[in-house]
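Work through the following exercises with the model in view. Each task is followed by a stepwise solution.

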Amino acid sequence: APLLHAHVAEDAQHGRWLLCLLSHHLVCDHTTLELLAEEIEALLGRREHLLPAPLPFRDFVAQARLGVSQSEHEAFFRAMLGDVQEPSAPFGLLDVQGDGSTIAEAEVPLPAELSRDLRAQARRLGVSAAALFHLAFALMLARTSARSDVVFGTVLFGRLHGSAGTQRTLGMFMNTLPLRMRLDSLSVQAAVRHTQQQLAQLLHHEHATLALAQRCSGVAAAAPLFTALLNYRHAGGSTVLEPNAQAAQTAWQGVHTLHSQERTNYPFSISVNDAHEDFSLSVQVDQQIDPERVGAFMLQALAQLAHALAHAPHTPLRQMQLLPETEQAQLRDFNATETVFPAQSCIHQLFEEQVRLRPEATALVFEQEQLSYAELNARANQLAHHLRSLGVGPDTRVAICLPRSTEMVVALLATLKAGAAYVPLDPAYPAQRLAFMLEDCRAAVLVSRSDCAQALPASAGVPLLCLDAPHPAWLLAPQHDPLVPALTPAHLAYVIYTSGSTGLPKGVMVAHAQVTNYLRWAERLYHPQSSSVV
């Protein structure tokens, strides 16, 4: 306390008085602030005798409690949110305990033509303009949270179903409740009608508590149900007196608003300002996100909706282009990776070029061991020839289970030189994962060493080549480059497995051409300098 507080101070230097009005949403909403301003206007204009008798807020509280029952509220929100397991977090923003000190703001006006188009389409479909803005917000939230099923908060006016006089009662009437939008299988026009229907149903429960809605969802209590908020509000929507332009002008002569600021605990919010003809957006997001960029996303979503409704209303929502042209151009620049590369070369052949160019240069350093290009090439060639003798060839998979070491680099290079594709296995992986990967990749040979082989599953059924075995045969093989006539850059270079966090690990196959293309592009982009260590 106090949750509504006025600070008055004389600014003698500038010959004026200053009023700072602080209010908490627990006791005051935007309409109440307008009513306060109009009552001040009436007092300054000596028209206080025209003010209506004040109505107690408790009357509204009583009516709200006698409306829709708790059980009806609970049934509605369980049906809407019961299977929601996690919040929709735009840009990964999850903290809803902030105090607003890290919020960045932007005011984004809608072009007049877009405002007219949105109102025209809303009238044509018989829906509110608010439905279009809620759908556009849901689309933006879906794209920025990588989901097609999203939940966000919407601010409800709270005075629509009140008793007589509710429009001019001071107090906190608005409420924030969740709205769920499933966007994966709807067309644009169907989605607009569905949004209007959802909002109408939600209005019936506008006095339910957010805490009740949260409990009805499947989201764990420690996590927020949503972190994004949309507030659709009408400008100048309240009045306590008959309009009197001359009296208002006299009352407010010399009075100016210097600054106004509003904050919530949400890290991502947009307020839509409906000024009867035009619209504008007030964007408030965590400072790590550019609010101007968020405003551009929202404008793009609205423009796409208006265009689709006018020209192709049955367009699936998933086909909507929500990136502004500036970001589309940026993406095109990012992906302009075309480059001339040796289309007929494999990865190991690029290495062999370096061997011919500078055989004595240092190619590999590991702890106290150091190998030149010629030494590394000779050792890899010996192992490659031995792998060839074991039947290894193009598209054959060779599993390599070795820690980071000189041996690991030799084994990778030798596998490529033999024409095969290597499959890296981390010795630290659980035995069950190693067994699955070995079976799934159908490796022809498993290259490892004695200390790592002990941790490998004995039932894998893959021939084991132990590099540190006594008198290893591969060290007797030739040291010249092996010739694999059938090998082309289209053949596999390696198979790498995903983490398996969403199920079983999945092998991703990569060909030589993809890697040599990337290497040439990276060489041109990063301009690597000659060094004694590569």
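**Exercise 1: Strand pairing**

In strand E8 (residues 279-286), Gln284 is the bridge partner of Ser269. The model is predicted: local features need pLDDT of at least 70, side-chain atom pairs count only at pLDDT 80 or more, and totals for chains, interfaces and linings use all residues. Residues are numbered from 1 along each chain as its sequence is written, and side-chain values use heavy atoms, with hydrogens and water left out.

Task: find which residue of strand E3 (residues 103-109) has Gln284 as its bridge partner, and describe the pairing of E8.

Solution.
1. Strands are DSSP runs of E, at least two residues, numbered from the N terminus; helices are runs of H or I, at least four. Two strands pair if DSSP finds at least two bridges between them.
2. E7 (residues 268-274) runs antiparallel to E8, joined by 7 bridges.
3. E7 and E8 form a hairpin with 4 residues between them, and His276 in the turn has a positive phi of about 80 degrees.
4. E3 is also antiparallel to E8, with 7 bridges; here Glu105 has Gln284 as its partner.

**Exercise 2: Cover**

Task: state how many residues of E8 are buried, and which ones are buried in helix H1 (30-44).

Solution.
1. Buried means under 20% relative accessible area, exposed over 50%, partly exposed in between (1.4 Å probe, protein chains only).
2. In E8, 7 of 8 residues are buried.
3. In H1, the buried residues are Thr31, Thr32, Glu34, Leu35, Leu36, Glu41 and Ala42.
4. Arg46, which follows H1, has a positive phi near 55 degrees.
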